[in-house]
Every structure is written in structure tokens, then in C-alpha cells.
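Student: I would like a close look at one part of this model. Please keep to the residues concerned and the elements around them.

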Amino acid sequence: MKLKYIMFLMLVAGVFAACSGKKETSDDHEHAHDTAKEEWKEMDDFHMLMAEAFHPYKDSSNLEPAKAKAPELASAAEKWASASLPEKVNNDEVKNKLQELKTGTAAFAETVKAGDDKVIGEELTKLHDQFHAIQEAWYGGHGEHHH
């Protein structure tokens, strides 16, 4: 639990550090307001789980958080795929990506039970990439990543 808290604090500090170094232009300000008006709760919920699962693996090859979060990732992806989509991403491409993520996270939860760390790491990376493809559709290539 202490490690999760420390990781959360590091994530928050990283976001503040990334955001504090750039001067805001009026276009950035308008984009920020547009994005603030539009929320995609299911994406944000999944994002938090993915960050908690993926970064320990990416940073130190620690798969334990991903293994523990596998059922939650599957549940969040299922909820996200069945939720109504915001207008700007309500299209077949995003719907298909969400269905792939839903299927992938369900398979990942089963893979975790098998316990093959190499396969778990590969599937986790693939899910992370699938998530980012959906996130790109939302942000339109404007960054907003958790890397």
C-alpha cells in the first residue's frame, strides 16, 4: 500500500512538473477550456488503472501490480466499451478499439492466472498501446500522455 501511495505521489508530481514548464498561449488556453468542458470519465478511470499496472512493469519489470489489477482492468474496459461515447469519438473506429481493449483485458486476466511472466509483460504492453490509440483519438494527437 505504501508503494502505491508513493507511486501515486510521483505520478502527480510528474504531471505538475510537465505542466509547469510551458507558458500558456491563448490557443492553449482555449484548448484547455474545450478539453475541460469535455470529459470522458471511463477513459480517465481506465487510465488510472493502466498507469498503476503498467508503470511498475515499464520502470522496473515489476508485474505484481499488473497481476493484481488484471480483473479491475477487464472490468473497467468492459464498462468503458459499453458506455455512451462523447460525440467527438462516437465513431466505428473508436468503438472497434474499445471492443479490442475489452477483449484484450479479459484475455489478460486469464493470462495472469497462467503465470507466464514473459507473456504477461507482452500482453500488458499491447494493452497499454491499445489504450494509447484510443487516448490519441480523444486528444487528437495533442499529447496528454502518462509517459
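Which residues does glutamine 130 touch, not counting residues up to four places away in sequence?

Tutor: Glutamine 130 touches Glu100 and Leu101, leaving out residues up to four places away in sequence; contact means heavy atoms within 4.5 Å. This is a predicted model, in which local features need pLDDT of at least 70 and side-chain atom pairs count only at pLDDT 80 or more, while totals for chains, interfaces and linings use all residues. Residues are numbered from 1 along each chain as its sequence is written, and side-chain values use heavy atoms, with hydrogens and water left out.

Glutamine 130 lies in helix α6; helices (H or I, at least four residues) and strands (E, at least two) are DSSP runs, numbered from the N terminus. Its relative accessible area is 18%, so glutamine 130 counts as buried (buried is under 20% relative accessible area, exposed over 50%, partly exposed in between, with a 1.4 Å probe and protein chains only). Other buried residues of α6 include Leu124, Leu127, Phe131, Ile134 and Trp138.

Helix α6 has 23 residues and reaches 32 Å from its first C-alpha to its last, close to the 33 Å expected at 1.5 Å a residue; the expected span is 1.5 Å times one less than the number of residues. At its start, a side-chain oxygen of aspartate 116 comes within 3.1 Å of the backbone nitrogen of lysine 118. Just after α6, glycine 140 has a positive phi of about 65 degrees.

The buried residues of α5 include Leu98, Leu101 and Phe108, and what covers the buried residues of α5 includes α3 (41-60), α4 (64-82) and α6 (117-139). Leucine 98 touches Trp40, Trp80, Ala81, Leu85 and Ile134, again not counting residues up to four places away in sequence. At the start of α5, a side-chain oxygen of asparagine 91 lies within 3.1 Å of the backbone nitrogen of glutamate 93. Glycine 115 follows α5, with a positive phi near 85 degrees.

Helix α4 also meets α6: Ala66, Lys67 and Trp80 in α4 are in contact with Asp117, Ile120, Leu124, Phe131 and Ile134 in α6. The axes of the two helices come within 13 Å and cross at roughly 35 degrees; axes are lines fitted to C-alpha atoms, for helices over the stretch in contact, and angles run from 0 to 180 degrees between N-to-C directions.

Conventions:
A polar contact is a pair of N or O atoms within 3.5 Å; within protein, one must be able to donate a hydrogen and the other to accept it, and residues adjacent in sequence count only if both atoms are side-chain atoms.
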